[in-house]
Amino acid sequence: MSELPVVLVTGGAGYIGSHAVLALKDAGIPVVVYDNLSTGVRLAVPDDVTLVEGDIGDTAHLARAIQEHRIAAVMHFAGSIVVSESVEKPLKYYHNNTQNSLGLIDTCIKQGVRHMIFSSTAAVYGEPESSPISEDTPTKPINPYGASKLMTEQMLRDASAAHGLNIGILRYFNVAGADPAGRAGQNTPAATHLIKVAVQAALGLRDSISVFGTDYQTPDGTCIRDYIHVSDLADAHVLALRHLVENGGNLLVNCAYGRGFSVREVLRAVEAVTGEPLPVVDAPRRAGDPPALVASADRIRQVLGWKPAHDSVEEMVRTALAWERHISGVPDRPASGDAAQTRQAS
Ligand SMILES: NC(=O)c1ccc[n+]([C@@H]2O[C@H](COP(=O)([O-])OP(=O)(O)OC[C@H]3O[C@@H](n4cnc5c(N)ncnc54)[C@H](O)[C@@H]3O)[C@@H](O)[C@H]2O)c1
Ligand SMILES: O=c1ccn([C@@H]2O[C@H](COP(=O)(O)OP(=O)(O)O[C@H]3O[C@H](CO)[C@@H](O)[C@H](O)[C@H]3O)[C@@H](O)[C@H]2O)c(=O)[nH]1
């Protein structure tokens, strides 16, 4: 690879950003985290990585961090991420995802940053008329979250054309799981993501798990999503950075495996991994949810040579469960033999 740039990871104390930091470190690429710790946590940043605590909206502070650490590339994960909340509080999303990204892009250009990789989302596609969804599928977001991200994509494209910034737009589908080596995971206690909530319910940390909508036009009536393991996604970021540094130009890729699972299928996978029934409650539809989002994931493999290593819902559930046990302190169940011995002894 050409000379490795120092990478500033905005949102690097959050779920996906912290896994990207590990992947960058594993690849020997120097990294600095910039995060306001609004949903991220200090402990998610490895001890040997500098954390600059700050808001991306504070562009003077951001500019100083870029200068001080000689940043040449930015991975921009910082943002607000909950689809249903974006329907209730749209301006929060246009502020944090669009307006703050505008300030960040402007600051990066003024400070001579060469490369930027942006966390976009499948939510930019809305309710696509055809499936699977390719990068050429028209973008028609149906919630403010998706709209706030699409506007940032457009700003990046225009800024790239005018100022020569190399941009990588990565449209993630549903991210799940945790670092298989147990170094990182999803830390937000009030997280809303299906697999996170389901493993919390499996561990007794929540009373139940709701299935939001059972009357969608899908085979079992529940929503379908294309789940991707967070460590495979983190690896895609390292490949995307190499691509921008070595080839220049721009990149737009879906990040997914290209197959969908319904909510009920995911919950069955959780039950299969834990060996226990889940406390499931059928509930009304959640605002802003499209029925099905399944990617065409050919381009990311072709352009980046990405070879996912964790393409299994069970592995996503297993690693998420292990991380949840780690942060909550809920012990592993005794093996069935131990349980039998305990019963006999009493
Ligand atoms: N989780 C998913 O399934 C998913 C799917 C598609 C896209 N994304 C995108 O990936 C990115 C990361 O998501 P995540 O799941 O890791 O979320 P997260 O909430 O765990 O991480 C976001 C991080 O950004 C920080 N942050 C938020 N606003 C900030 C600001 N103004 N200034 C500085 N730091 C700020 C938070 O403290 C947190 O550490 C987001 O941009 C999100 O939209 C996530
Ligand atoms: O307790 C729960 C949580 C979720 N769901 C359903 O599970 C599916 C997935 O939901 P969730 O895990 O919350 O993810 P999404 O709302 O699909 O959004 C995620 O995936 C998008 C990309 O597809 C990203 O843009 C978002 O940032 C990210 O939060 C949806 O049908 C939900 O209605 C439930 O039924 N019960």
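**Reading the features**

Guide: R70 has its place in the loop between α2 (59–68) and β4 (71–76). Helices (H or I, at least four residues) and strands (E, at least two) are DSSP runs, numbered from the N terminus. The model is predicted: local features need pLDDT of at least 70, side-chain atom pairs count only at pLDDT 80 or more, and totals for chains, interfaces and linings use all residues. Residues are numbered from 1 along each chain as its sequence is written, chains are lettered from A and ligands numbered from 1 in the order in which they are written, and side-chain values use heavy atoms, with hydrogens and water left out.

Visitor: What is the phi of R70, and is R70 buried or exposed?

Guide: Phi of R70 is positive, about 50°, although R70 is not a glycine. For accessibility, buried means under 20% relative accessible area, exposed over 50%, and partly exposed in between (1.4 Å probe, protein chains only). R70 counts as exposed because its relative accessibility is 69%.

Visitor: Which value does phi take at L37, and where is L37 found?

Guide: L37 is a residue other than glycine with a positive phi, near 55°. L37 sits in the loop between β2 (31–35) and β3 (50–53). With a relative accessible area of 22%, L37 is partly exposed.

Visitor: What is the peptide bond from S131 to P132?

Guide: The bond from S131 to P132 is cis, and its omega is near 0°. P132 belongs to the loop between β5 (115–121) and α5 (144–163).

Visitor: How should I read the packing of α1 and α7?

Guide: Start with the axes, which are lines fitted to C-alpha atoms, for helices over the stretch in contact; angles run from 0 to 180 degrees between N-to-C directions. Helix α1 (residues 15–26) packs against helix α7 (residues 230–247) at an angle of about 60°, with the axes 8 Å apart. That makes α1 oblique to α7. The classes are these: angles under 35 degrees count as roughly parallel, over 145 as roughly antiparallel, 65 to 115 as roughly perpendicular and the rest as oblique.

Visitor: What is the hand of the crossing of α1 and α7, and which residues meet?

Guide: A crossing is left-handed if the near helix is turned anticlockwise from the far one by less than a right angle, and right-handed if clockwise. The crossing of α1 and α7 is right-handed. Contact means heavy atoms within 4.5 Å. From α1, Y15, I16, H19, A20, A23 and L24 meet V230, S231, L233, A234, D235, V238 and L241 of α7. By class, this contact of α1 with α7 has ten nonpolar, two polar and one charged residues. Ala, Val, Leu, Ile, Met, Phe, Trp, Tyr, Cys and Pro count as nonpolar, Asp, Glu, Lys and Arg as charged, and the others, Gly among them, as polar.

Visitor: How do α8 and α10 pack?

Guide: Helix α8 (residues 263–274) and helix α10 (residues 313–328) have axes 9 Å apart and an angle of about 60°. α8 is therefore oblique to α10. α8 passes α10 in a right-handed crossing. A269, V270, V273 and T274 of α8 make the contact with V313, E314, V317, R318 and L321 of α10. The residues of this contact of α8 with α10 divide into six nonpolar, one polar and two charged.

Visitor: At what angle do α2 and α4 cross?

Guide: The axes of α2 and helix α4 (residues 90–110) cross at roughly 40° and come within 10 Å. α2 and α4 are therefore oblique to each other. The crossing in which α2 passes α4 is right-handed. T59, L62, A63 and I66 in α2 meet G103, L104, T107 and C108 in α4. The contact of α2 with α4 has five nonpolar, three polar and no charged residues.

Visitor: Where does T218 lie, and what does T218 touch?

Guide: T218 lies in the loop between β8 (209–212) and β9 (224–225). The relative accessible area of T218 is 13%, so T218 is buried. Not counting residues up to four places away in sequence, T218 touches I224 and P291. A polar atom of the T218 side chain lies 2.8 Å from the backbone oxygen of T222.

Conventions: Polar contact = N/O pair within 3.5 Å; in protein donor to acceptor, adjacent residues only side chain to side chain.
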